[in-house]
Amino acid sequence: MVEDGSMIRPRFHFTPPDGWLNDPNGLVYLDGEYHLFYQHHPNGLTWGPMHWGHAVSRDLLHWQHLPIALYPDEVGMIYSGSAVVDWSNTAGFGAGALVAVFTYHQADRESQHLAFSLDRGRTWNRYEGNPVLTPPLGVKDFRDPRVFWHVDHWVMCLAAGDTIRFFVSSELKSWTPSGEFGRCGSVEGVWETPDLFPLPVDGGPETRWVLTVGVGNGGPAGGSGTQYFVGQFDGSTFTSENPPETILWMDHGSDFYAPQSWNEEPHGRRVMLGWMNNWRYANTVPAETWRGMFSLPRELTLAITEQGVRLAQQPIREIEAHRGEHLHWQDQAIGPGENLLAGTRGGCLEILADLTPDLSVTRFGFRVRVGAEEATVIVCDMAARTLSVDRTRSGQVSFADGFAALHSAPLPMDGGEVNLRILLDRSSVEVFAGHGRVTLTESIFPAPESQGLDLFVEGGLLYIRQLEIYSLD
């Protein structure tokens, strides 16, 4: 595929102006702007000397690229971290200072450092007393600090091997160990990029804390993935309410890693986005001038399910302002061989569907980005009770072993009905099922002209309570 900014660069997913992108960093809101920093190699298309790229937005969809915020130097590379607004001037940099807390990586040593900005993130100064936190003796992996204010002190959680370590501080410059959590859930790969935040349960007065953790290997679709834990945080450390062997995946697709949420979100939402890639093939996905993108930002909630309290995710409501042409069906049925969507085309679409299969249906779903020799297939398998994204013939797939695969998750059903919300961009598909209780996020690389769309059913009748399709601009 020839790189063409007008055809391949996504319409509503963040990409770097050029060069390489991976983890989101330093997500924070200040003075009307959402700040997005990210791991960036501006001079190459593969992972390399890490910088902090920088962009700002007023609506989480339209982004203004700003100069690089943090550069590597003789101390090392600038790895992941977070950013806070120090409203009370606890660190002495100035009231309302924007403070970045990040990992410096040099050889086999990782330590935590500060930088601060007094002009809304446009220029940055390194703290002269760095580092503010050094690794314990013998600890190699010690990175990705996530910092937030809790009641009357700062909290830092960071990744160390297969654990998350917690620290507390009154002024960001000195940190005291306060607890540790780990060696449970998925431990096949190194733990990275933690985030920790409270959420109400089903919108009510009851609250749980959610700890998200990137896992470098052993994800549900192979390679890297993101797990989460539900429990309580007492101001010092986190405790899970589930048995240690419980593994909860935030996303069952191949391409949702290192997510981070915004501090200071002005509407009280917990909004998060992740790197839409996988370390198995991140350095080889098709690219000419830039490589890497982020998922659409998502609003997180907690829902009570039969299995316990679980995360639910939905695309941010801001995307609805960009809906264009609208197609609508309701209260009708289709059988095998019928395609209600014949002639419907689009490369950037939002699909909302409430579908009920009769007892004879074996499989149903959507084929998107359909071309002469390719399609990405979203499949509900009634026998296996799975929801899958099949990208074996999704376009370019030969650049990495294992990219061409089918990835599956448990299929959530409510009273026999399947609820799907699908966001389709030029090189991605994001599936939200069961009102966001299950998600699959996938990169795809179809030909620009492959824009067909099918709704199919096998074995019986599929009842369409409601189907909405919007073009997205």
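These legends describe close-up views of one predicted model.

Local features need pLDDT of at least 70 and side-chain atom pairs count only at pLDDT 80 or more, while totals for chains, interfaces and linings use all residues. Residues are numbered from 1 along each chain as its sequence is written, and side-chain values use heavy atoms, with hydrogens and water left out.

View 1. Helices (H or I, at least four residues) and strands (E, at least two) are DSSP runs, numbered from the N terminus. The C-alpha atoms fill a box of roughly 70 × 45 × 40 Å along the principal axes. Of the 473 residues, 62% count as buried. Buried means under 20% relative accessible area, exposed over 50%, partly exposed in between (1.4 Å probe, protein chains only).

**View 2. The aromatic pair Phe-399 and Phe-445.** The whole structure holds 31 aromatic pairs. In this one the ring centres lie 5.6 Å apart and the planes stand at 90°, so the pair is edge-to-face. Phe-399 sits in the loop between β26 (386–390) and β27 (406–410). Phe-445 belongs to the loop between β30 (438–443) and β31 (452–458), 46 residues apart from its partner. Phe-445 counts as buried, at 10% relative accessibility. Rings of Phe, Tyr and Trp (its six-membered ring) pair if their centres lie within 6.5 Å; planes under 30 degrees apart count as stacked, over 60 as edge-to-face and the rest as tilted.

**View 3. An aromatic cluster.** Ring pairs join Phe-14, Tyr-29, Tyr-34, Tyr-38, Trp-63, Trp-262 and Phe-294.

**View 4. The cis peptide bond between Asn-130 and Pro-131.** Omega is about -5°. Pro-131 lies in the loop between β8 (125–126) and β9 (143–150). Most residues other than glycine have a negative phi, and most peptide bonds are trans.

**View 5. Leu-60, a residue other than glycine with positive phi.** Its phi is near 70°. Leu-60 is found in the loop between β3 (51–57) and β4 (64–70). At 1% relative accessibility, Leu-60 is buried.

**View 6. Asp-331, not a glycine, with positive phi.** The angle is about 50°. Asp-331 is part of strand β22 (residues 323–334). Its relative accessible area is 60%, so Asp-331 counts as exposed.
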